[in-house]
Amino acid sequence: MTLGELQQRIRDLFGAKDGRRGVEGTFMWFMEEVGELAAALRDPAADPGNLALEFADVLAWLATLANIAGVDLDDAVRQKYGAGCPKCGATPCVCGAAKP
């Protein structure tokens with residue numbers, strides 16, 4: 001499944017409900033899922049299958065937010081990262097800019 005297909009699948013499954021919830025409510029659900037992912041990543045005994053599901057949940061809620069905001073994730077990712085590193089333009093990045 002491509003990113004665009006995922007975004008459409010989420011729209012088909014939950015679009016009406018997501019639209020009623022709005023950006024603010026959806027963002028809160030997204031943050032809850034990010035917290036669950038963080039907890040699973042910190043747990044050395046975490047079930048790898050559950051960890052994968054937490055990643056899927058975060059991605060699904062991100063797609064939901066993008067749908068509500070009218071953002072095409074495929075286009076956004078292509079514009080930002082399609083030509084390489086957004087700072088130096090190289091693949092792999094050679095600019096040395098690091099985030100903590």
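Student: Which residue forms a salt bridge with arginine 21?

Tutor: A salt bridge is a side-chain nitrogen of Lys or Arg within 4 Å of a carboxyl oxygen of Asp or Glu. Here arginine 21 is bridged to aspartate 18, with the closest N and O atoms 3.0 Å apart. Please keep in mind that this is a predicted model, in which local features need pLDDT of at least 70 and side-chain atom pairs count only at pLDDT 80 or more, whereas totals for chains, interfaces and linings use all residues. Residues are numbered from 1 along each chain as its sequence is written, and side-chain values use heavy atoms, with hydrogens and water left out.

Student: Where do arginine 21 and aspartate 18 lie?

Tutor: An α-helix has 3.6 residues a turn, so residues three or four places apart point the same way. Both arginine 21 and aspartate 18 are in helix α1, three residues apart, about one turn of the helix; helices here are DSSP runs (H or I, at least four residues), as strands are (E, at least two), numbered from the N terminus.

Student: Is aspartate 18 buried or exposed?

Tutor: Buried means under 20% relative accessible area, exposed means over 50%, and partly exposed is in between, using a 1.4 Å probe and protein chains only. Aspartate 18 counts as buried at 4% relative accessibility, while arginine 21 is partly exposed with a relative accessible area of 25%.

Student: How many salt bridges does a search of the whole structure find?

Tutor: The search finds three. Aspartate 74 is bridged to arginine 78, the closest N and O atoms being 4.0 Å apart, and these two residues lie four residues apart in helix α3, about one turn of the helix. Aspartate 75 also meets arginine 78 in a salt bridge, at 2.9 Å from N to O, and here the spacing within α3 is three residues, again about one turn. Salt bridges that share partners join Asp74, Asp75 and Arg78 into one network. As for accessibility, aspartate 74 counts as partly exposed at 27%, and aspartate 75 is partly exposed at 35%.

Student: How many aromatic pairs are counted?

Tutor: Rings of Phe, Tyr and Trp (its six-membered ring) pair if their centres lie within 6.5 Å; planes under 30 degrees apart count as stacked, over 60 as edge-to-face and the rest as tilted. By this rule there are two aromatic pairs. In one of them, the rings of phenylalanine 27 and phenylalanine 30 have centres 6.1 Å apart and planes at 45°, so the pair is tilted. These two phenylalanines are three residues apart in helix α1, which separates them by about one helical turn. Phenylalanine 27 counts as partly exposed at 38% relative accessibility, whereas phenylalanine 30 is buried at 13%. In the pair of tryptophan 29 and tryptophan 61, the ring centres are 5.9 Å apart and the planes at 10°, so the pair is stacked. This pair links distant parts of the chain, with tryptophan 29 in helix α1 and tryptophan 61 in helix α2 (residues 48-69), 32 residues apart. Tryptophan 29 is partly exposed at 41%, and tryptophan 61 counts as buried at 17%.

Student: What do the buried residues of α2 pack against?

Tutor: Packing is judged by contact, meaning heavy atoms within 4.5 Å. The buried residues of α2 pack against α1 and α3 (73-81), and among them are Val58, Trp61 and Leu65.

Student: What span should α2 have, and what surrounds its ends?

Tutor: The expected span of a helix is 1.5 Å times one less than its number of residues. For the 22 residues of α2 this should give 32 Å, and the end C-alpha atoms are 32 Å apart, which agrees. At the start of α2, a side-chain oxygen of aspartate 47 reaches to within 3.1 Å of the backbone nitrogen of glycine 49. After α2 comes glycine 70, whose phi is positive, near 75°.

Student: Which residues does the UniProt domain annotation cover?

Tutor: UniProt positions are given in the numbering used here, feature names are shortened, and annotations may be inferred rather than shown by experiment. The unreviewed UniProt entry annotates residues 26-79 as "domain: NTP pyrophosphohydrolase MazG-like". Over residues 26-79 the chain is 85% helix and 0% strand, with the end C-alpha atoms 25 Å apart.

Definitions and conventions
A polar contact is a pair of N or O atoms within 3.5 Å; within protein, one must be able to donate a hydrogen and the other to accept it, and residues adjacent in sequence count only if both atoms are side-chain atoms.
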